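Please look over the sequence and the structure before reading on.

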Amino acid sequence: MAVGRPSKYNDEMLDKAYGYLDNYMAVGDLVPSIAGLADELGICEKTCYNWAEKYPDFLQSLERIKTRQHRRLLNGGLANELNPTIVKLGLTTNHGYSDKSATDVTTQGKPVESIGWTVVSANAS
């Protein structure tokens, strides 16, 4: 016996998800997001992820939103249309970018040579 409220998921919700993808700016979002989709559908973000696990078509809509978000962040950042701090946060948090740099101050890019060591005890006879 099922426990809990029946799911709101249906074909109309899937259509609305793709509608959000195409019209996220019309509802006031500068960048598409799962949070924006959830708000437009009248559900919580957790429900979006639960539906994505259960319904492959809905998962596809979430993946498309992530792809559009990635593209919008890149282009909006390059065109200086979006706040650089928000762009950096979105790209590092959601799209695998990192803000790391490494500096080699010892070998100038050459392999480190190992040095052989001999340990001699001060009490050795």
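## The largest pocket

In this predicted model, the lining of the largest pocket divides into four nonpolar, three polar and three charged residues. The volume of the largest pocket is about 250 Å³.

The lining of the largest pocket takes in Arg-5, Pro-6, Ser-7 and Lys-8, together with Ile-43, Thr-47, Asn-50, Trp-51, Lys-54 and Tyr-55.

## The second largest pocket

The second largest pocket, with a volume of about 210 Å³, has a lining made up of seven nonpolar and five polar residues, with no charged residues. Leu-30, Val-31, Pro-32 and Ser-33 belong to this lining, as do Gln-69, Leu-73, Leu-82, Asn-83, Ile-86, Leu-89, Gly-90 and Asn-94.

Two helices, helix 4 (56-78) and helix 5 (84-94), each supply at least two residues of the lining of the second largest pocket, and helix 5 gives the largest share, which amounts to four residues.

His-95 lies in the segment after helix 5. Is this residue, His-95, buried or exposed? Its relative accessibility is 17%, and because buried means under 20%, His-95 counts as buried.

Leaving aside residues up to four places away in sequence, His-95 touches Lys-66, Gln-69, His-70, Leu-73 and Gly-90.

How values were computed
Residues are numbered from 1 along each chain as its sequence is written. This is a predicted model: local features need pLDDT of at least 70, side-chain atom pairs count only at pLDDT 80 or more; totals for chains, interfaces and linings use all residues. Side-chain values use heavy atoms; hydrogens and water are left out. On a 1 Å grid over the protein atoms alone, a cavity is a set of points where a 1.4 Å probe fits but cannot get out, and a pocket is an open set with protein on both sides within 12 Å along at least five of seven lines; lining residues have an atom within 4 Å of a point. Grid points are joined across faces, edges and corners, and a volume is the space filled by probe spheres set on the points. Ala, Val, Leu, Ile, Met, Phe, Trp, Tyr, Cys and Pro count as nonpolar, Asp, Glu, Lys and Arg as charged, and the others, Gly among them, as polar. Buried means under 20% relative accessible area, exposed over 50%, partly exposed in between (1.4 Å probe, protein chains only). Contact means heavy atoms within 4.5 Å.
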